[in-house]
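Student: I have a structure to go through before the group meeting. May we look at it together?

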Amino acid sequence: MRRVVAEMSPSAREAAGNFIAERVWTVPEIAAARVILLYSAMPDEVPTAAIAAEARSRRIVVTYPRCIPATREMAIHRVQHPDQLRPGEYGILEPTEINCPLADINDIDAAIVPGVAWDKNGGRLGRGAGYYDRLFAHPDWRAFRCGIFFARQEVTAIPMEDWDSPLDAVITENEVFS
């Protein structure tokens, strides 16, 4: 699947990312959110900078995860500006503990997450470490879970284990599935 995404031209990836960034705001649970969880995109993921900018213009609090490799858990931090993000353990831009206060998991209304592949039943294939599944399994987690993907990342079915958390919606450049 990574090869399929890598085969997209930079202009096609940018255009798809722009469509997805616009479609995000058509999902009522995201548009009504007061606090959202975003991610810093890796090169093969849907970019989120435009989503973050629009959220801030709507006065929505933007949070980002920070990976804790020792426990394979995430800490969630409030981020006021993208300049506060620094490369973390996996080379992904993350909030720092110094500049970005921890967010309360109960405050998050919607999470916008990446993945390698998706299916129409809410199945999401991540990168294999289970960080998001652990976050979504937290007893206090109540937020809407939305994956953003390129349409070409769709597969017929993602095998789901007991610990996998299905998405509530998936947004691609072509449509919204919920």
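Student: What does Ile-148 touch, leaving out residues up to four places away in sequence?
Tutor: Ile-148 touches Ile-20, Val-24, Tyr-39, Val-46, Thr-48, Ile-51, Ile-112, Val-113, Pro-114 and Ile-171, where contact means heavy atoms within 4.5 Å. This is a predicted model, in which local features need pLDDT of at least 70, side-chain atom pairs count only at pLDDT 80 or more, and totals for chains, interfaces and linings use all residues. Residues are numbered from 1 along each chain as its sequence is written, and side-chain values use heavy atoms, with hydrogens and water left out.

Student: How many residues does the largest nonpolar core have?
Tutor: The largest nonpolar core has 52 residues, and Ile-148 is among those with the most contacts inside it, together with Val-24, Ile-30, Ile-36, Leu-135 and Trp-141. Such a core is a set of buried Ala, Val, Leu, Ile, Met, Phe, Trp, Tyr and Cys residues joined through side-chain atoms within 4.5 Å.

Student: Is Glu-45 buried or exposed?
Tutor: Glu-45 is buried, because its relative accessible area is 8%; buried means under 20%, exposed over 50% and partly exposed in between, with a 1.4 Å probe and protein chains only.

Student: Which backbone atom does its side chain reach?
Tutor: The side chain of Glu-45 reaches the backbone nitrogen of Met-42 at 2.9 Å.

Student: Changing topic, what does the side chain of Arg-13 reach?
Tutor: The side chain of Arg-13 reaches the backbone oxygen of Val-5 at 2.9 Å. Beyond four places in sequence, Arg-13 also touches residues including Pro-43, Asp-44 and Phe-150.

Student: How far apart are the C-alpha atoms of Arg-13 and Arg-134?
Tutor: They are separated by 29 Å, and the two residues lie 121 residues apart along the chain.

Conventions:
Polar contact = N/O pair within 3.5 Å; in protein donor to acceptor, adjacent residues only side chain to side chain.
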